[in-house]
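Here is a report on one protein chain, written for someone new to reading structures. Have a look at the sequence and the 3D view, then follow along section by section.

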Amino acid sequence: MVLMSPSFSIATTVSLSPASLTGTLVSNSKNVLCGLYWKNNDVTKMNRNLKFSVCSVSGGYNTSVENVPFPRDYVELINQAKEAVELAMKDEKQLMEIEFPTSGLASVPGDGEGATEMTESINMIREFCDRLLPPEKARTTRIFFPEANEVKFAQKTVFGGTYFKLDYLTKPSLFEDFGFFERVKMVDRVKSEDQLFLVGYPYFNVNEMLVVEELYKEAVVNTDRKLIIFNGELDRIRSGYYPKFFYPKLAALTQTLLPKMETVYYIHNFKGQKGGVLFRCYPGPWQVLRRTRNKYICVHQQESMPSLKEVALDILASA
């Protein structure tokens with residue numbers, strides 16, 4: 001079934017994964033998929049019947065906050081992320097991050113083809129916004145995609161017929177093949193009635209997160225507005241993936257933008273014999289989970305976010 005209807009939503013009675021989306025490539029800078037289809041025979045996922053248990057854990061945290069169990073499917077994931085954002089907004093958090101894999105709840109970045117993962121994020125953004133926001137708030141919500149081509153694609157597919165305002169961060173130039181993009185001034189994109197900004201997957205080009213910082217400084221700071229970064233793969237910046245010598249402005253975000261951010265919902269998988277999951281659902285603790293045959297066991301939790309290196313080499317290796 002082609003997903004062209006503006007009333008698209010994920011059925012709550014069946015476990016559906018974005019990994020069941022397929023499509024045909026179009027010719028643009030990111031090979032965005034132009035056709036979306038559900039595979040009717042692929043509705044049962046490996047995570048559906050997983051059970052959860054918590055053992056004694058290391059690390060200090062306020063135990064009065066109840067741990068949220070790892071989601072069984074993407075329907076439960078979206079509900080958890082929605083509730084986490086609502087609680088964070090009540091606590092007056094203005095800059096929030098949501099990060100999870102879209103190729104399967106046990107997948108890692110790179111398991112899926114890049115354009116497919118971006119398309120799956122578009123579907124998840126629509127589902128998330130539909131659950132988080134009542135219809136009357138759609139007109140005051142501006143959703144940014146990395147480029148104008150992706151805005152056109154989103155308008156023609158899952159966002160067709162909605163009142164959400166769709167916008168873009170960067171505009172490809174004639175020298176796009178050499179990595180040059182035209183900056184879009186955020187002050188010119190934002191309207192006075194905008195109350196919520198959601199930025200989808202700003203990681204393909206290094207300039208995209210710099211524009212997000214500009215958006216935050218010019219349109220969110222000293223206002224009542226909120227900004228959510230959705231699947232921005234910010235761990236690339238946190239981990240030093242971009243060398244500071246070549247990307248000084250991007251590296252500076254670890255001192256300027258990222259400390260102001262609340263990671264309200266997060267899933268990062270670690271593969272291998274000593275694999276597991278780093279999981280957080282606001283306002284709960286950061287949990288390191290060990291995945292067994294049919295359940296997740298919490299082996300560590302703490303209040304602040306541990307580095308991925310610490311989780312892989314210290315916590316999971318010794319658990």
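## Salt bridges

A search through the whole structure turns up 16 salt bridges, where a salt bridge is a side-chain nitrogen of Lys or Arg within 4 Å of a carboxyl oxygen of Asp or Glu. Keep in mind that this is a predicted model, in which local features need pLDDT of at least 70 and side-chain atom pairs count only at pLDDT 80 or more, while totals for chains, interfaces and linings use all residues. Residues are numbered from 1 along each chain as its sequence is written, and side-chain values use heavy atoms, with hydrogens and water left out. Why can such pairs form at all? Side chains of opposite charge can pair when their charged atoms come close.

Let's start with Asp 194. Asp 194 pairs with Arg 142, and their closest N and O atoms are 2.7 Å apart. This bridge links distant parts of the chain: Asp 194 is in the loop between helix 4 (186-189) and strand 8 (196-200), Arg 142 is in strand 5 (residues 141-147), and the two are 52 residues apart. (Helices, H or I with at least four residues, and strands, E with at least two, are DSSP runs numbered from the N terminus.) Asp 194 also forms a salt bridge with Lys 165, this time with 3.2 Å between the closest N and O atoms. That pair links distant parts of the chain too, since Lys 165 is in strand 6 (residues 165-172), 29 residues from Asp 194.

## Buried or exposed?

Another bridge joins Glu 233 and Arg 236, with 2.8 Å between the closest N and O atoms. Glu 233 is buried at 14% relative accessibility, whereas Arg 236 is partly exposed at 26%. Salt bridges that share partners also tie Arg 142, Lys 165, Asp 167, Arg 189, Glu 193 and Asp 194 into one network.

## The nonpolar cores

In soluble globular proteins, nonpolar side chains tend to be buried together. The largest nonpolar core in this model has 48 residues, and those with the most contacts inside it are Ile 98, Phe 128, Ile 143, Phe 145, Phe 159 and Ile 228. (A nonpolar core is a set of buried Ala, Val, Leu, Ile, Met, Phe, Trp, Tyr and Cys residues joined through side-chain atoms within 4.5 Å.) There is also a second, separate core of 25 residues, which includes Phe 144, Phe 197, Val 220 and Leu 257.

Phe 145 sits in strand 5 and is buried, at 0% relative accessibility. Leaving aside neighbours within four places in sequence, Phe 145 has contacts (heavy atoms within 4.5 Å) with residues including Ile 122, Phe 159, Leu 169 and Tyr 201. The C-alpha atoms of Phe 145 and Pro 202 are separated by 7.4 Å, although these residues are 57 apart along the chain.

## Two loop residues

Where is Asn 231? Asn 231 is in the loop between strand 9 (226-230) and helix 6, and it is buried at 3%. Its side chain makes a polar contact with the side chain of Ser 121 (3.1 Å). A polar contact is a pair of N or O atoms within 3.5 Å; within protein, one must be able to donate a hydrogen and the other to accept it, and residues adjacent in sequence count only if both atoms are side-chain atoms.

Thr 140 lies in the loop between helix 2 (114-132) and strand 5, and is partly exposed at 22%. The side chain of Thr 140 reaches the backbone oxygen of Lys 137 at 3.0 Å. Thr 140 also touches Glu 193, Asp 194, Gln 195 and Leu 196, not counting residues up to four places away in sequence.

## The whole chain

Zooming out, the protein chain has 8 helices and 13 strands. Buried residues make up 51% of its 319 residues.

Definitions and conventions: Buried means under 20% relative accessible area, exposed over 50%, partly exposed in between (1.4 Å probe, protein chains only).
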